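Subject: Structure for your review

Dear colleague,

Please find below the structure that I am handing over to you.

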Amino acid sequence: MATPDLSQAIADALLTGEPLAKVKATRKLVRDWRRGDLPTRFAARMPDRPQWPEQLEVLPPSRMPRRGKGGSSRGRIALWHALAHIEFVAIDLALDIVGRFGAQADKAFVSDFLQVAAEEAMHFAVINRHLGSLGASYGDLPAHAGLWDAAFDTRHDFGARLAIVPMVLEARGLDVTPAILERVRGQGDAKGARILQRILDDEIRHVAAGARHFDALCRKCSKSPELHWKSLVAEHFRGPLKPPFNDSARLAAGLPREFYASLV
């Protein structure tokens, strides 16, 4: 019987729908790889779609109910459920980029994005616990597949995946999280604010990993990172980038304003 490799462990985690089981599978495969128990081979095929909780109703983005901005119990649950879904899908995004494109990259890329996967798993776990403190759980409300759809649309192009997922979609998180953090803090939710601050700090590093490996890929192909990124965004991202931008966080993540300002 062949020894399981990293790609098979990733595929198995992607096909784990129960939330805490996916968290545990992700943490285990990252630990096993770091210990050398999972060979860095990429023989397994990645699924087109990961498994999500059976009870989760997935709607088109246009049919998602509005969350509202109030501080009611219902509004707070809707906010934290949406955040839980983002972080749950982020586990799949980080795992899939390694399993799908790891053979084209170096060990630093594999290490960086397995670290991202482990941190996204931690983010989901703490958000899910916080959601539980509000009397709800992940899967109680509908969610949409927009984040995964972007990954699926770039499944055949390593550069496009880096350009769109970490450098557009995750960078958007850097823009919107500070306002959400202030809103949560204003509701007197100090624990929630600490969770969001930790996530914001981690996400700067996650976007930076994407930008760093995109830059390396472009230079290997003798392409301008800025021009190639703009070309890929124009081809694969629907619509303009939306301000306001968290310019300082983006710069810290390796995304200077000249990259994105002309795409608004």
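Helices are DSSP runs of H or I with at least four residues, numbered from the N terminus. The side chains of this pair, Lys230 and Glu226, meet in a salt bridge, at 3.0 Å from N to O. The term salt bridge denotes a side-chain nitrogen of Lys or Arg within 4 Å of a carboxyl oxygen of Asp or Glu. Lys230 counts as buried at 18% relative accessibility, whereas Glu226, at 24%, counts as partly exposed. Here buried means under 20% relative accessible area, exposed means over 50%, and partly exposed lies in between (1.4 Å probe, protein chains only).

Please note that this is a predicted model, in which local features need pLDDT of at least 70 and side-chain atom pairs count only at pLDDT 80 or more, while totals for chains, interfaces and linings use all residues. Residues are numbered from 1 along each chain as its sequence is written, and side-chain values use heavy atoms, with hydrogens and water left out.

Other salt bridges

The whole structure contains 21 salt bridges. One of them joins the side chains of Arg161 and Asp96, at 2.8 Å from N to O. This pair links distant parts of the chain, with Arg161 in helix H6 (residues 158-186) and Asp96 in helix H3, 65 residues apart. Arg161 is buried, with a relative accessible area of 1%, and Asp96 also counts as buried, at 0%.

A further salt bridge, 3.0 Å from N to O, is formed by the side chains of Arg257 and Asp247. Arg257 lies in helix H10 (residues 257-260) and Asp247 in helix H9 (residues 247-252), 10 residues apart. Both are partly exposed: Arg257 at 42% relative accessibility and Asp247 at 32%.

Aromatic rings

Rings of Phe, Tyr and Trp (its six-membered ring) pair if their centres lie within 6.5 Å; planes under 30 degrees apart count as stacked, over 60 as edge-to-face and the rest as tilted. By this rule there are 8 aromatic pairs. Among them is the tilted pair of Phe88 and Phe124, with 5.2 Å between centres and 55 degrees between planes. Phe88 and Phe124 are both buried.

Yours sincerely

Terms used
Helix = DSSP H or I, 4+ residues; strand = E, 2+ residues; numbered from the N terminus.
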